[in-house]
Amino acid sequence: MVEAQSWTTRRMSNPRLDNTTAIADQAIDIPATPTGDVRNGGLGMYGLGSYFSPNVLTAVIIASWYFSNIGVLLLYKYLLSIYGFRYPIFLTMLHMIACAFYSSIAINFLEVVPRQHILSRKQFLKIFALSAIFCFSVVCGNTSLRYIPISFNQAVGATGPFFTAIFAFVITCKKESAEVYLALLPVVFGIVLASNSEPLFNLFGFLVCVSSTAARALKSVVQGLLLSSDSEKLHSMNLLLYMAPMAAMILLPFTLYIEGNVASVAIEKAKGDPFMVFLLIGNATVAYLVNLTNFLVTKHTSALTLQVLGNAKAAVAACVSVLIFRNPVTVMGIVGFAVTTLGVVLYSEAKKRSKSIQK
């Protein structure tokens with residue numbers, strides 16, 4: 001204490017330090033340390049983190065991911081095939097409007113992720129191009145559900161890595177290792193088996209489903225190419241915020257031209273059956289939850305976990321759809337689906353090994 005007092009006495013005896021001391025005393029304003037929920041963001045800001053342990057919270061998020069991904073398929077299939085509302089473009093437009101609305105709330109009000117802005121006209125045009133590809137992919141995928149069972153739809157959708165490898169080579173001249181390309185063979189062979197033995201095979205439904213899968217792969221490649229610079233990269237939730245309203249505007253003239261008076265049909269159906277309103281709103285909401293839970297699974301686990309869940313989701317969705325819609329399946333179809341899924345797993349492992357070697 002003697003040393004501290006003598007130091008203070010010496011310091012105060014220096015007139016040049018008097019003003020500095022006053023300024024320093026005024027400037028010391030330490031804010032309260034934020035809680036762990038606020039620092040971590042995400043679900044913690046809604047208070048869920050204080051009610052659930054991290055493991056339980058992760059399990060809830062993964063369950064929500066499965067519910068939304070499988071639920072949106074079941075709802076689309078029910079609306080298009082069972083309920084008789086055969087307007088896939090209009091349904092996709094509602095999907096996009098809901099994504100724009102919920103994304104705005106999640107980012108601007110709930111602050112799930114920080115808001116990012118479009119910085120240039122060039123960046124805007126790039127996002128618009130991605131929106132057009134996104135529209136085509138979703139419309140084709142939804143249309144296919146009108147003609148083919150969900151189980152077959154998921155089998156075709158599992159061939160995504162095949163198209164990704166092709167587009168990456170054609171557009172960016174990116175070559176993969178021989179092991180990666182060999183892993184794609186069972187992906188293609190499995191879908192050939194499944195197609196030849198599908199009892200409810202429909203050529204148009206098959207072609208639009210393949211187109212949807214190819215467009216989804218094209219979007220991932222083009223997105224990495226167009227938004228490659230650090231200044232133009234957007235978080236997935238922010239990208240959805242901008243892509244969704246653009247996609248809705250792209251789809252509006254198509255639904256008016258191709259599907260005609262779909263709005264009046266929807267209103268008449270809603271008047272006769274209020275459950276129709278619940279189906280439309282529920283379908284659009286669950287479609288947004290697919291994107292939200294994709295982000296949450298990656299945030300609370302890893303991108304690898306999301307990839308593994310995606311591989312398993314196709315099989316789970318196929319089983320659930322067979323149980324609900326009772327569509328017939330064959331042993332050869334099951335074998336083909338299994339071979340395709342195995343090929344996707346082998347492809348993922350080969351890609352991981354290839355990246356580790358490159359590093």
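The chain folds into 15 helices and zero strands, where helices (H or I, at least four residues) and strands (E, at least two) are DSSP runs numbered from the N terminus. What you see is a predicted model, in which local features need pLDDT of at least 70 and side-chain atom pairs count only at pLDDT 80 or more, while totals for chains, interfaces and linings use all residues. Residues are numbered from 1 along each chain as its sequence is written, and side-chain values use heavy atoms, with hydrogens and water left out.

Let us start with the chain as a whole. Of its 359 residues, 43% are buried; buried means under 20% relative accessible area, exposed over 50%, and partly exposed in between (1.4 Å probe, protein chains only). The chain exposes about 19,300 Å², and carbon and sulfur atoms supply 68% of that area. Such areas come from the Shrake-Rupley method with a 1.4 Å probe, and for residues only the protein chains shown count as cover. Among contacts (heavy atoms within 4.5 Å) between residues at least 6 apart in sequence, 85% join residues at least 24 apart.

Next, the record. An unreviewed UniProt entry lists residues 87–112, 124–145, 151–171, 239–258, 278–297, 304–325 and 331–350 under "transmembrane region". UniProt positions are given in the numbering used here, feature names are shortened, and annotations may be inferred rather than shown by experiment. Two of these spans can be followed in the model. Residues 124–145 are 100% helix and 0% strand, with their end C-alpha atoms 32 Å apart. For residues 151–171 the figures are 90% helix and 0% strand, and the end C-alpha atoms lie 31 Å apart.

Now look at helix H7, residues 150–157, where seven of the eight residues are buried. The buried ones are Ile150, Ser151, Phe152, Asn153, Gln154, Ala155 and Val156. Keep an eye on Ser151, whose side chain makes a polar contact of 3.2 Å with the side chain of asparagine 327. A polar contact is a pair of N or O atoms within 3.5 Å; within protein, one must be able to donate a hydrogen and the other to accept it, and residues adjacent in sequence count only if both atoms are side-chain atoms.

Asparagine 327 itself sits in the loop between helix H14 (303–325) and helix H15 (331–358). Asparagine 327 counts as buried because its relative accessibility is 9%. Setting aside neighbours within four places in sequence, asparagine 327 touches Pro149, Ser151, Leu200, Ser321 and Val322.

A pocket, on a 1 Å grid over the protein atoms alone, is an open set of points with protein on both sides within 12 Å along at least five of seven lines, where a 1.4 Å probe fits; lining residues have an atom within 4 Å of a point. Of the 18 lining residues, Ser151, Ala318, Gly333, Ile334 and Phe337 lie nearest the centre of the second largest pocket. H7, H14 and H15 each supply at least two lining residues, and the largest share, five residues, comes from H15.

Gly333 has another partner to meet. Serine 197, in the loop between helix H9 (178–196) and helix H10 (203–226), is in contact with Thr330, Met332 and Gly333, leaving aside neighbours within four places in sequence. Serine 197 is buried, since its relative accessible area is 16%. Further along, helix H15 holds lysine 355, which is partly exposed because its relative accessibility is 47%. Lysine 355 and serine 177 are 178 residues apart in sequence, yet their C-alpha atoms are 9.9 Å apart in space.

Glutamate 111, between helix H5 (88–109) and helix H6 (121–147), has a positive phi near 55 degrees. Cysteine 173, between helix H8 (160–172) and H9, has a positive phi near 60 degrees. Most residues other than glycine have a negative phi. Glutamate 111 counts as exposed because its relative accessibility is 53%, and cysteine 173 counts as exposed because its value is 59%.

Finally, visit leucine 280 in helix H13 (residues 275–300). Leucine 280 is buried, as its relative accessible area is 14%. Beyond neighbours within four places in sequence, leucine 280 is in contact with Leu79, Phe85, Leu91 and Leu94.
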